[in-house]
Number of protein chains: 4
Amino acid sequence: MCGVFGIFGHSEAANLTYLGLHALQHRGQESAGIVTSDGDQLYAHRGMGHVIDVFPTDQIDKLKGNIAIGHVRYSTAGGSLLKNAQPLAVDYARGSIAVAHNGNLTNAEALREKLEERGSIFQSLSDTEVIVHLVAISTQRAVEDRVADALTLVQGAYSLVCLTEQSLIAVRDPHGIRPLCIGVLRTDPACYVIASEASCFELIDAKFVRDVEPGEMVIVDRRGIRSSHPFTHARPRLCIFEFVYFARPDSVIDGVSVYEARKNLGRRLADEHPVDADVVIAVPDSGVPATIGYAERSKLPFEVGLVRSHYVGRTFIEPQQSIRHFGVKLKLAPVAAVLEGKRVVVVDDSIVRGTTSRKIVKMLRAAGAREVHMRISSPPNQWPCYYGIDTPTRSELIASSHNLAEINQYITSDTLQYLSLDGMVNAIVKTTGGGSNGSSHRHLTTLNEPVPALTTESFCHACWSGDYPIEFIPHPRHRQMRLLDT
Amino acid sequence: MCGVFGIFGHSEAANLTYLGLHALQHRGQESAGIVTSDGDQLYAHRGMGHVIDVFPTDQIDKLKGNIAIGHVRYSTAGGSLLKNAQPLAVDYARGSIAVAHNGNLTNAEALREKLEERGSIFQSLSDTEVIVHLVAISTQRAVEDRVADALTLVQGAYSLVCLTEQSLIAVRDPHGIRPLCIGVLRTDPACYVIASEASCFELIDAKFVRDVEPGEMVIVDRRGIRSSHPFTHARPRLCIFEFVYFARPDSVIDGVSVYEARKNLGRRLADEHPVDADVVIAVPDSGVPATIGYAERSKLPFEVGLVRSHYVGRTFIEPQQSIRHFGVKLKLAPVAAVLEGKRVVVVDDSIVRGTTSRKIVKMLRAAGAREVHMRISSPPNQWPCYYGIDTPTRSELIASSHNLAEINQYITSDTLQYLSLDGMVNAIVKTTGGGSNGSSHRHLTTLNEPVPALTTESFCHACWSGDYPIEFIPHPRHRQMRLLDT
Amino acid sequence: MCGVFGIFGHSEAANLTYLGLHALQHRGQESAGIVTSDGDQLYAHRGMGHVIDVFPTDQIDKLKGNIAIGHVRYSTAGGSLLKNAQPLAVDYARGSIAVAHNGNLTNAEALREKLEERGSIFQSLSDTEVIVHLVAISTQRAVEDRVADALTLVQGAYSLVCLTEQSLIAVRDPHGIRPLCIGVLRTDPACYVIASEASCFELIDAKFVRDVEPGEMVIVDRRGIRSSHPFTHARPRLCIFEFVYFARPDSVIDGVSVYEARKNLGRRLADEHPVDADVVIAVPDSGVPATIGYAERSKLPFEVGLVRSHYVGRTFIEPQQSIRHFGVKLKLAPVAAVLEGKRVVVVDDSIVRGTTSRKIVKMLRAAGAREVHMRISSPPNQWPCYYGIDTPTRSELIASSHNLAEINQYITSDTLQYLSLDGMVNAIVKTTGGGSNGSSHRHLTTLNEPVPALTTESFCHACWSGDYPIEFIPHPRHRQMRLLDT
Amino acid sequence: MCGVFGIFGHSEAANLTYLGLHALQHRGQESAGIVTSDGDQLYAHRGMGHVIDVFPTDQIDKLKGNIAIGHVRYSTAGGSLLKNAQPLAVDYARGSIAVAHNGNLTNAEALREKLEERGSIFQSLSDTEVIVHLVAISTQRAVEDRVADALTLVQGAYSLVCLTEQSLIAVRDPHGIRPLCIGVLRTDPACYVIASEASCFELIDAKFVRDVEPGEMVIVDRRGIRSSHPFTHARPRLCIFEFVYFARPDSVIDGVSVYEARKNLGRRLADEHPVDADVVIAVPDSGVPATIGYAERSKLPFEVGLVRSHYVGRTFIEPQQSIRHFGVKLKLAPVAAVLEGKRVVVVDDSIVRGTTSRKIVKMLRAAGAREVHMRISSPPNQWPCYYGIDTPTRSELIASSHNLAEINQYITSDTLQYLSLDGMVNAIVKTTGGGSNGSSHRHLTTLNEPVPALTTESFCHACWSGDYPIEFIPHPRHRQMRLLDT
C-alpha cells in the first residue's frame with residue numbers, strides 16, 4: 001500500500017508536498033520521497049523511514065521549484081530497500097520524468113522480460129521502473145501521450161502521479177481500483193493538488209474538487225488543467241478494503257464517506273449478528289466507527305474497553321527468556337473498569353492470522369470480562385490481494401483453511417460472527433453524501449461530469465470473494481530479483 | 001510530570017523495567033533511565049528521548065542484576081539536559097544509592113543553600129540531588145532510616161523509588177499528592193513491583209496489590225516486603241488533575257478508576273451545562289471518556305468528529321512564508337461527514353492558553369459545523385502547580401485574566417461552559433469501585449489496612465482553586481542554576 | 001579518482017573486499033560500495049563516507065558469497081550523491097551484472113544520447129551506467145563477449161572490475177591510463193584478486209602477480225583465470241600523476257616503484273634546481289620521498305619542518321568573525337626548532353591554485369625561517385584531466401595564467417622552481433625494479449608475457465603538456481543531468 | 001593522558017578553545033568538553049568522541065562568554081563513560097566552578113573516603129570530583145585561595161585549568177610532572193591562553209610566553225594576570241615520556257624542543273648501539289625524529305620503509321574465521337622498494353607488550369628485508385605510571401619479565417638494543433634552545449623569573465627506573481566505583 005501526492009504552481013511546492021505526505025502517512029511508513037521541478041531540472045530526495053525523519057528542514061529547502069510529487073511506501077515482503085523508495089526519477093531522450101505509484105501491475109513480469117529482451121536494464125524490483133521504461137520507448141511525442149501509450153500495455157491497479165520539467169500528470173487505472181482525487185488550494189484557485197485521499201487536503205488548506213475517474217488522465221501545466229480518457233472503458237472496481245480498514249475515516253472516496261461507511265458496516269453487523277450483552281467496545285483505532293454503528297443499532301452502550309498506546313515504535317525490543325509473547329499488549333491495554341463482570345461485544349474490522357484476535361480475547365477475559373463476543377465488520381478474509389495491498393499468502397489467512405467454528409475456538413471467543421459479503425457491499429452502497437467533499441463536485445464541472453454513484457457492482461472484493469477483476473497469471477519465469485540491496 | 005518504576009527479585013529486572021517505563025511513557029517523553037543492582041554494584045543508563053530510543057537491546061543487556069528502578073521525565077521549562085535525566089545515582093560513605101522521583105519539593109532552594117553552606121556541590125538543578133545529599137549526611141545507620149531521615153527535612157510532593165545494592169525502597173509524601181502503587185508478578189508472587197500507575201502492570205503480567213499510602217515507606221529486600229510510616233501524619237491531598245487529564249484511563253488511583261471518574265465528570269458536565277445539539281464529539285484522546293459520559297447523560301449521539309494522527313513527531317518542520325499557523329491541524333483532522341450542518345458539542349478536559357481550543361472551533365466550523373458548543377470537564381485553570389506538573393506561568397493561563405464570556409469570545413465558540421469545582425470533586429468522590437485493581441486489596445492485608453475511601457476533602461485542586469496544601473515560598477536567593485549544560 | 005577491487009573464490013569475499021577498499025581509501029573518500037555473488041544472486045551495499053562508516057559488521061555479514069567487487073569514490077564537482085555510489089548493479093536479460101569503474105569516458109555524452117534515442121533511461125550521471133546499457137544491448141552471448149562488445153564502443157580511460165553471478169571480469173583500457181593489477185592470496189593460490197594498486201595486497205595477505213596489461217581483459221571463474229586482448233592495440237599512456245601524487249608510495253605500477261620514482265623526481269629536481277640552503281623539508285605526506293631524494297642529491301640535511309595532524313575531519317567548523325583564514329593550519333604545523341634562522345628548501349609535488357603554497361610559505365617564515373625556497377617535483381600544472389582525476393577548471397590552475405615569476409611572487413617564496421617535463425619523464429623511466437612486486441612476474445607467465453618496460457613515450461602527461469592521448473570533444477548537447485538528487 | 005586549555009578575555013572564547021583542543025587532540029581522543037562563562041553563568045558541553053564530532057557549530061554558539069576552559073581525554077581502563085568527560089562543572093556555596101585536569105592523584109582514594117565520611121556524594125570515579133569537593137569545603141574566601149587550600153591536601157601529578165564566573169586559574173603540581181604553559185594572542189596582548197602544550201598556539205595565532213612553573217598558580221581576571229607559589233617547594237620531576245613519545249614534536253616543554261630532544265635520543269642511540277646496515281627507517285610517526293638523528297650520526301641513509309594509513313578508525317571491524325591477526329597492518333604498510341635485500345635498522349620510541357614490534361619485524365622481512373635491527377630510543381619499559389599515563393599493568397610490560405635476549409627472540413629481530421637511562425636523560429638535558437618558544441621568555445619577566453634549566457635530576461623516569469617521585473600507596477579500601485554507567 002502506498003500514498004501519492006502532487007501539486008502544480010506553488011512557490012512552496014516541496015513544503016506542501018511534505019505536509020501532504022505527512023497526512024497520508026497511514027498509507028505507508030517504510031519510505032518517503034519528493035521530486036520537484038523548477039521548470040528546467042528535477043530535484044529529488046528519498047529515504048527510509050517516516051516523512052518527518054526523511055525530510056529535515058535543509059533537505060526541503062534544496063527541493064526547488066513550483067511543481068512537486070511525493071510518495072509514501074508501505075513495507076513489503078521483499079524487505080526494506082532504499083532503492084525501491086519512490087518517486088522513481090530518470091533521464092530519457094525527451095527529458096526527465098519522475099513517477100509515484102500506488103497499486104500493483106499484474107503483467108509486470110512479462111513486460112519486464114520483454115523490456116530486458118530489447119536491452120533494458122533494471123535497478124529495482126519496482127513495477128514503476130517498468131512503467132518508466134515503457135514511457136521512454138514510446139514513439140509518441142508529447143509526454144502525456146507517451147504516458148498514455150505506456151499505460152495501454154500495462155494491466156493491474158495503479159493510481160499514478162508523474163512529474164516532468166513543466167507538468168504534473170495524474171492517472172487512475174480503468175477499473176479505478178485505488179483511489180485518487182483532485183483538490184485546489186483555498187488561497188490560490190489556480191493551484192491544483194492531486195492525492196490518494198482527500199483527508200490530506202485540510203492540512204494544506206485545500207478543498208476537494210472531485211475524484212479522478214477510473215481510466216482518466218489529468219494533466220496540469222501552464223495552460224491549466226485538462227482531462228482525457230485514453231484507455232478502453234472498463235467496469236469500475238473500487239477496492240472495498242479502503243472503506244473497511246485502509247483509508248482515513250475523514251476521507252471521502254468516489255462519493256462515499258469512509259466514516260459513514262464504517263458506521264453503516266457496524267449497523268449492518270448489528271442487524272445480522274445481534275448479541276445479548278452489556279457493552280460494546282472497539283479494537284482501536286480503525287474499529288471505532290463500526291463499533292459506534294453497532295452500539296447505536298443494538299442500543300448497547302459504547303465504551304472504551306481497550307486503550308491504544310501512542311508510543312509503539314517499529315523497533316521495540318523483544319524481551320528474552322522468561323517473558324515473551326506479550327505482543328499486542330505493547331499496543332493495547334484493557335480498561336478493567338469497563339470490562340469487569342460484563343458481557344462484552346468487541347468489534348474489529350478484520351481477522352488476518354487470528355493471533356491478534358486471540359490475544360485480545362484473552363486480554364479482555366483477564367481484565368474481568370464475563371463473556372466476549374467478537375464481531376467483524378467484513379467477511380472472512382480468504383484471498384490474497386494482487387492489486388497493491390501487502391497481504392499474507394493464502395496459507396497464512398486463517399479463514400482460508402478454517403471454518404467459523406474453528407476460528408471461534410482458536411481465538412477463544414464465546415461467539416464470533418462476520419458481516420456477510422452482501423451486507424458489506426450494500427452497507428457501502430447505501431452510504432450517501434459524505435461531508436463537504438461531495439458539495440464541491442459542481443465547482444469544476446468544466447473538468448468533467450460528476451462520477452456516477454457506486455452500485456453493488458462497483459467494487460473489487462476479491463480478498464473475501466476470490467472474484468478477481470483482473471487476471472494475475474504468475475509468469476513461468478517469475479522470480480525474485482537476482483540483485484539484493486542490503 | 002514524571003513516571004517511576006521499581007522491581008525487586010527478577011532475573012530480567014532491567015527488561016521488565018524497560019517495559020514498565022514504556023507503559024508509563026505518557027508521564028514523560030523527554031528522557032528515560034534505568035539503574036539496576038546485582039547485589040554488589042549498580043549499573044546505570046540514561047538518555048534523552050523515548051524509552052525505545054534510549055534503550056537499544058545491547059544497553060539493556062548491560063544492566064545486570066535482579067533489582068531495578070526506572071524513570072521517565074517530562075520536558076520542563078529549564079530545557080532538555082541529559083544530566084537532569086533520572087534516576088540519579090551516586091556513591092557515598094555507606095555504598096551506592098539511586099533515586100527516581102516524581103513530584104516537586106517546595107523547600108528545595110532553602111535546603112540546597114544549607115547544603116552548599118556545609119560544603120556540598122551540585123551538578124544539576126534537580127530536587128533529587130538535594131534528597132541524595134540529605135541521605136548522605138544522615139547520621140542514621142540503615143539505609144531506610146537515612147532515607148526517612150532525609151525526607152523529614154523535605155516539603156512538597158514526592159513519589160520516590162530508591163535502589164541500593166540490596167534493596168528497593170518506595171516512598172509517597174504525607175499528602176500523597178502524586179500516585180504510587182504496589183503490584184506483584186502473576187508468575188512469581190515473591191517479585192514485587194512499584195509504579196506511578198497500575199496501568200503498566202498488565203504489560204509485565206503483574207497484578208495490582210494496593211496503593212502506597214500517603215506518608216508510607218515500603219522496603220523490599222531479601223527478607224521480603226515491609227512497611228512503615230516514618231512521617232508526621234497529614235491530610236491526604238491527591239492531585240485531581242491525574243483524574244482529569246494526566247493518568248491513563250485504565251489506571252485506578254487510590255481506589256478510583258480514572259476511566260469511570262472521567263465518565264462521571266462528563267455526566268456531571270451534562271447535568272450542569274446541557275445544550276440543545278445534534279451530536280457530541282471529543283477532543284481525542286484524553287477527552288473521550290468524559291464525552292461518552294456527556295453523550296450518555298444528554299442522550300445525544302457520540303461521534304468521532306476529530307481524528308488524531310499517530311504520526312506527529314516532536315521535531316515537525318515549521319513551514320515558511322505563505323503557509324503558517326496550521327498548528328493543531330498536524331495532530332487533529334475533522335470528519336466532515338459527522339459535522340456538516342450539525343449543532344456540535346465538543347468536550348475537552350481543560351483550556352490552558354486557549355489557542356488550541358480556538359483552532360479546534362475554527363476547524364470544526366470550516367468542516368461544516370453549524371454551531372459549536374465547547375464543554376470543559378474541569379473548572380477554569382487559573383493557578384500554577386508547585387507539585388510537579390509543568391504548567392505555564394499564571395499570566396499565560398487564559399482563565400487567570402479573562403472571564404467566561406471573554407474566553408468564549410476568544411475561542412469563537414457559540415457557548416462555552418466549565419464544570420464547577422464542587423461538581424468535579426463530587427464526580428470523582430462518587431466514582432466507586434474501579435475494576436480489578438480494587439479486588440486484590442485483601443490479598444496483602446499483611447502489608448496494611450485498606451486505604452480509606454476518598455472524600456471531598458482528599459484532593460489537591462490548587463490549579464483551579466488556588467488552595468495550596470503546602471506553602472511554596474520562593475526563596476530570596478531563588479535563582480536559575482548558574483551552570484547550564486547545552 | 002577512484003579505486004576498484006575484486007576477488008574470486010573466497011568464503012570471506014566481502015570481508016576481504018572491505019579490507020582491500022580500506023587500503024585503497026586514499027583513492028576516494030566520498031563513497032564506498034561492495035557487491036557480492038553467491039552463484040545465483042547478487043548482494044549490494046553502498047553508502048556515502050569512509051569504508052569503515054559505510055560497512056558496519058552486520059552489513060558485511062549480509063553480503064553473501066565467494067565473489068565480490070568493491071569501489072571507493074572521490075568527491076566530484078557534481079556533488080555528493082548516493083545514487084552515484086558504485087558498484088552499479090543491474091538486472092538485464094541475461095542475468096545480473098555489477099560494475100566498478102576507475103576512469104572517465106570521453107564519448108559518454110554521445111553514447112548516452114544514442115542510448116536514450118533507442119529508449120534507454122538513466123538514473124545517474126555516471127559513465128558506468130552507459131557501460132552497463134551497452135552490455136545489456138550487446139548481441140553477444142557470453143557475458144565476457146558482451147562486456148568486450150560494449151567497451152569497443154567506448155573511448156577514454158577505464159580500469160574496470162565486473163561481477164556476474166559466477167564470474168569476475170577485469171578490463172584495462174587500451175592506453176592503460178589508469179593502473180590495474182592482479183594478485184593471489186598467499187594462503188590460497190586459487191584465489192585471485194584484482195585491484196587498482198598492489199599496495200592493498202599486503203593487508204589481505206596476497207602477493208602481486210602482475211599488472212593487467214593495457215587493452216587486456218582478465219576473466220576469473222570456476223574454470224580458473226584466463227586473458228584476452230579484445231581491443232585494437234594502442235600506445236600505452238600511463239598517467240604520470242599516479243607517480244607524482246596519487247598512488248600510495250608502497251605501490252608498484254607497470255614495473256615502477258612509486259616510492260623510488262618519487263625519490264628520483266627529487267634527485268632530478270635537485271640537479272635541475274639546486275639552492276644554497278641549510279635544510280630541506282617536505283610538505284607531508286606525499287612530498288616526503290621526493291624530499292629525501294632532493295636532500296640526498298643536494299647533500300643538505302632532511303628534517304621534519306612541518307607536522308601533519310591526524311585529526312582533520314571533513315566537517316571542520318569554520319570559525320566566525322575575528323578569526324579566519326587559518327585554513328592549512330588545521331592540517332600542518334611548523335616545527336620552529338627546525339626552521340628558526342634557517343634557509344629552508346621546501347619540496348612539494350604540485351601547485352594547483354597556489355593558495356596552499358602561499359599559506360605554507362607564510363607559516364614557515366612566521367616560525368622563523370630566514371629564506372624559503374619552494375621546489376616542485378613536477379612541471380607547472382596547466383591543463384585539466386579528462387581521464388578520471390577531478391582537477392579544477394583551467395582558469396583555476398594558477399600556472400595556466402601566470403608565469404614562474406608571478407607565481408613566485410604570489411606564494412611569497414624567495415625562489416620557486418618546477419621540475420621540467422623531460423626531467424619528470426626521464427626520472428620515472430629510469431626508476432627500475434620496484435620491490436617485490438616485480439619478482440613474481442614469472443610466477444604466472446602462463447597468464448601472459450611480462451609487460452614491456454616503460455619508455456619516455458609510455459605516459460600521459462596532458463595536465464602539464466596539454467598533449468591529450470584521447471580526444472575529448474564536448475558534445476553539443478553537453479549538459480548537466482536534468483535530475484539532481486539531494 | 002589528557003590535554004587542557006584555557007582562555008580569558010576573548011569574544012570567541014569557545015571557538016578558540018575548540019581549535020585549541022583540536023590541536024591537543026593527540027593527548028586524548030575519547031571525550032572532549034568545553035565550559036565557558038559570560039561573567040554570571042557557566043555554559044557547558046561535553047561528549048564522547050573527537051573534538052570535531054562533539055562540537056557541531058550550533059553547540060559552540062551556545063557556549064557564551066569571554067572565558068573558557070576545555071579538555072580532551074584519553075581512554076582509560078575503566079571504560080568510556082560520558083559522565084567522566086571533563087571539564088567537571090558544579091555549583092557550590094560561593095558560585096560555580098569548572099575544572100579540567102591532566103594528571104593523576106596518588107591519594108585520591110583516601111581523600112574520597114574522608115569526604116564521604118563527612119557526607120559528600122560522588123557521581124564519577126574521576127579524581128577531579130575529589131578536587132572540586134575540597135574546593136567547596138575550604139574555609140578560605142577568595143576562590144584562588146580555596147583552590148590553593150584544596151590542592152595542599154592533594155598528592156600526585158596535576159596540571160589544572162579552573163574556570164569561575166569571572167576568572168581563569170591554572171595550576172601545576174609542585175613536581176611539575178605534567179607540562180603546562182602560558183601564551184598570549186598575537187592580535188590581542190591582553191588575551192592570555194593556557195595549554196598543556198605550546199604546539200596548539202600556532203593554530204589560534206598565539207605566541208608562547210613561558211611555562212607555568214612547578215608549584216605555580218596563575219590567575220587571570222579583569223585585573224590582569226598574576227602568579228603565586230602557594231605550595232611547599234619540591235624538586236621538579238618532569239615526565240620524560242612527554243619527550244620520548246607523548247608530546248607533539250613541534251612543542252617546547254620547559255625550554256626543551258621535543259623535536260630536537262628526539263633527534264638527540266636518536267643520535268645517542270646510534271652512539272650506544274651502532275649497526276652495520278644499509279638503511280635506517282622509522283616506525284611512523286612518533287619514531288621519525290629519532291630515526292633522523294640515528295641516520296645522521298650513523299651516516300646511513302634515512303628512508304620511508306613503513307607507510308602509515310590516514311584512515312584507521314576507532315571502530316574497525318574485526319574480520320572473522322579465516323583471516324585474523326593482521327592487527328598493525330591496518331595502520332602500517334611496508335615499502336618493498338626500500339627494504340628488498342637490505343639490512344634494515346628500524347627505530348621505535350618504545351616497546352610495551354612486544355606484539356606490535358614482532359608484527360613489524362615480520363612485516364619487514366616479508367617485504368624482503370635481509371636483516372632487521374630494532375633500536376629503541378628509550379630504556380626497557382618496566383614500571384607502570386601512577387601520574388596520568390594510561391599504561392598496562394606490570395605483568396603486561398614485556399621488559400618487566402623478559403631480558404634483552406628474550407625480547408629479541410620474541411620479536412624475531414636480528415638484534416635489539418635500547419637506549420640507556422643515562423643516555424636518555426643526558427640526551428634531553430643537552431637539548432638546548434628549542435625554537436621560537438624560548439625567545440619570548442624575557443617578554444613577561446613581570447610574571448616571573450625564567451624557569452631554571454633542566455638538569456639530569458629534573459625528571460621523572462619511573463616507568464623505566466621504578467624511581468617514583470611521589471609515593472602511591474594503594475588504599476586498603478581501594479575499589480572500583482560501585483556504580484557503573486553503560
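Let me start with a sheet in chain B. Five of its strands make an open sheet, and they are ordered S18-S17-S21-S22-S23, with parallel pairing. The two edges are strand S18 (302-303) and strand S23 (415-418) of chain B; each has a single partner strand, so one side of each is left without a neighbour in the sheet. Before I go on, please keep in mind that this is a predicted model.

Staying in that sheet, strand S21 (residues 343-348) of chain B pairs with strand S22 (residues 371-376) of chain B through six bridges, in the parallel sense. To find the pairing on screen, look for Val344(B), which has Val372(B) of S22(B) opposite. For anyone new to this, strands of a sheet pair through backbone hydrogen bonds, either parallel or antiparallel.

Thr412(B) sits in the loop between helix H12 (404-411) and S23 of chain B. The phi angle of Thr412(B) is positive, near 65 degrees, and the residue is not a glycine. As background, most residues other than glycine have a negative phi, and most peptide bonds are trans.

Now chain A. Here too five strands form an open sheet with parallel pairing, in the order S18-S17-S21-S22-S23. One of the residues to look for is Ala282(A), whose bridge partner in S21(A) is Val347(A).

Which way do strands S12 and S13 of chain A run, parallel or antiparallel? Strand S12 (residues 217-221) and strand S13 (residues 224-228) of chain A are antiparallel, with five bridges between them. A hairpin of two residues connects S12(A) to S13(A), and Asp221(A) has Gly224(A) as its bridge partner in S13(A).

Next, a peptide bond. Between Gln86(A) and Pro87(A) the bond is cis, with omega near -5 degrees. Pro87(A) belongs to the loop between strand S4 (67-73) and S5 of chain A. In chain C, Gln86(C) and Pro87(C) are likewise joined by a cis peptide bond, with omega about -5 degrees.

That leaves the interface of chains A and C. Each side is represented: 42 residues come from chain A and 42 residues from chain C. The buried area between the two chains is about 3400 Å², and carbon and sulfur atoms give 49% of this. There are two salt bridges across the interface. In one of them, the side chains of Arg112(C) and Asp91(A) meet at 2.8 Å, N to O. Among the elements that give two or more residues to the chain A side are strand S5 (88-92), strand S6 (95-105) and helix H4 (108-117) of chain A. By class, that side of chain A has 18 nonpolar, 10 polar and 14 charged residues.

How are the two copies related?

Notes:
Residues numbered from 1 in each chain as written. Chains lettered and ligands numbered in written order. Predicted model: local features only at pLDDT ≥ 70, side-chain atom pairs only at ≥ 80, totals over all residues. Heavy atoms only, no water. Contact = heavy atoms within 4.5 Å. Buried area = accessible area lost by both parts, 1.4 Å probe. Salt bridge = Lys/Arg side-chain N within 4 Å of Asp/Glu carboxyl O. Helix = DSSP H or I, 4+ residues; strand = E, 2+ residues; numbered from the N terminus. Nonpolar A, V, L, I, M, F, W, Y, C, P; charged D, E, K, R; others polar. Pairing = 2+ DSSP bridges.
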